[in-house]
Amino acid sequence: MDIRTGIQTAIFLAGLGVLFLFWSGFQTLRSTRRLMYFQLRQKRIREGTKALLSGLGLLALGLALAQFGEPVAYQFFPPSPTITLTPTITLTPTITLTPTISLTPTLTETPSTTDTPTITLTPFIPLALSTQFSSIVTPDPAAIFSPLVFARDFEPNSYQPIQEGTVFTNPIRQIVALYSYNNMSAGTQWTALWIRDGEVVHSETAPWDGSTGGYGYTAWQASPEEWLPGNYEVQIFAGQEWKVVGRFVVEGDPPTSTPTRTPTHTSTRTFTSPGVPGASTG
């Protein structure tokens, strides 16, 4: 049982205890109406009041667990940065980053300065997206993310992947990238980039509103026609700092929408012979 499930179970049991104590207290207080002896009636009143107060205390405990239980638990039991969802995850990249274009100049003259660009493979956030940042919180340098696990869907309570893999075949409507994290600060700008063959096809960025540690995901839902075959990459950033990158492949042509035929109307012209001027009948 993980921390989240344990906290939810404790809240559920506390709720049952509150209902029982309230019911017991009210029943005890109602029974005092039928008692003739003063001392016995006072004893029942004390028992009923004690049950009601215990119920209020248990209610306060349940509310405290719902509000602060999970963040406090993560302070003492931080999650492991490595996802142990299933032992069959293979995270070997299927994309080679060796450039296939040779930039060696064909001129025989040796220029004084070289025009060969230097290729950097370090992920970065495009300028157009970084201008949308709204957070002013400095990210914690110790923030870490586990390797990404890709799937078509996942269980929202346990974050278990559904139809996990690194190669997906069309048709596709959604792909999710699951991860665990630790040492994240509230309000830090969090960004996820979805890239196909070097081009950003989807992105999301917002101030971090989760806890300091736990599980999370990023997803791209698109129409089936947008899932073109190719090599896909998902990059996660905290502020401007790259944290983790994962890759998967989409195979097969996506479905295409069938065009609807619209009828066209053609008009038919009728020609009549003109009358001959000056002609008469008799």
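Predicted model: local features only at pLDDT ≥ 70, side-chain atom pairs only at ≥ 80, totals over all residues.
Visitor: How are helix α1 and helix α2 oriented to each other, roughly parallel or roughly antiparallel?

Guide: Let's begin with the geometry: α1 covers residues 3–31 and α2 covers residues 38–76, and the two pack with their axes 8 Å apart. The angle between them is about 165°. An angle over 145 degrees counts as roughly antiparallel. Therefore α1 and α2 are roughly antiparallel.

Visitor: And which handedness does the crossing of α1 and α2 have?

Guide: Packed helices are described by an angle and a distance between axes. For this pair those values are about 165° and 8 Å. The way α1 passes α2 is left-handed.

Visitor: Moving on to the sheet, which strands stand at its edges?

Guide: The sheet is open and has five strands with mixed pairing, in the order β4-β10-β9-β6-β7. A strand at the edge has a single partner, so one side of it lacks a neighbour in the sheet; that holds for β4 (167–169) and β7 (199–207).

Visitor: Which residue in β7 is the bridge partner of Trp-194?

Guide: Strands of a sheet can pair in a parallel or an antiparallel way, through backbone hydrogen bonds. Here β6 (residues 189–196) pairs with β7 in the antiparallel sense, over eight bridges. Within β7, the residue bridged to Trp-194 is His-202.

Visitor: Is Gln-189 buried or exposed?

Guide: Gln-189 sits in strand β6. Apart from its neighbours within four places in sequence, Gln-189 is in contact with several residues, among them Phe-133, Ala-206, Phe-237 and Gly-239. The relative accessible area of Gln-189 is 4%, and the cut-off for buried is under 20%. Gln-189 is therefore buried.

Visitor: Which side chain makes a polar contact of 2.7 Å with the side chain of Gln-189?

Guide: There are two distances to look at for this glutamine. The side chain of Gln-189 reaches the backbone nitrogen of Ser-134 at 3.3 Å. The contact of 2.7 Å joins the side chain of Gln-189 to that of Thr-205.

Visitor: What is the relative accessible area of Phe-248?

Guide: Phe-248 belongs to strand β10, residues 241–251. Beyond residues up to four places away in sequence, Phe-248 touches a set of residues including Phe-150, Phe-168, Trp-194, Trp-227 and Tyr-232. Phe-248 is buried, and its relative accessible area is 0%.

Visitor: How far apart in space are Phe-248 and Val-149, C-alpha to C-alpha?

Guide: In sequence, Phe-248 and Val-149 are 99 residues apart. In space, their C-alpha atoms are separated by 9.6 Å.

Visitor: Which residues does the cis peptide bond join?

Guide: One place to look is the loop between β4 and β5 (174–182), where Pro-171 is found. The omega angle of the bond is about 5°, and the residues joined are Asn-170 and Pro-171.

Visitor: Is Asp-197 buried or exposed?

Guide: Asp-197 lies in the loop between β6 and β7, and its phi is near 50°, a positive value in a residue other than glycine. Its relative accessibility is 51%, and the cut-off for exposed is over 50%. Asp-197 therefore counts as exposed.

Key. Residues numbered from 1 in each chain as written. Heavy atoms only, no water. Pairing = 2+ DSSP bridges. Helix = DSSP H or I, 4+ residues; strand = E, 2+ residues; numbered from the N terminus. Buried < 20%, exposed > 50% of the residue type's maximum accessible area, 1.4 Å probe, protein only. Polar contact = N/O pair within 3.5 Å; in protein donor to acceptor, adjacent residues only side chain to side chain. Contact = heavy atoms within 4.5 Å. Axes fitted to C-alpha atoms, helices over the stretch in contact; angles between N-to-C directions. Parallel < 35°, antiparallel > 145°, perpendicular 65-115°, else oblique. Left-handed = near helix turned anticlockwise from the far one by under 90°.
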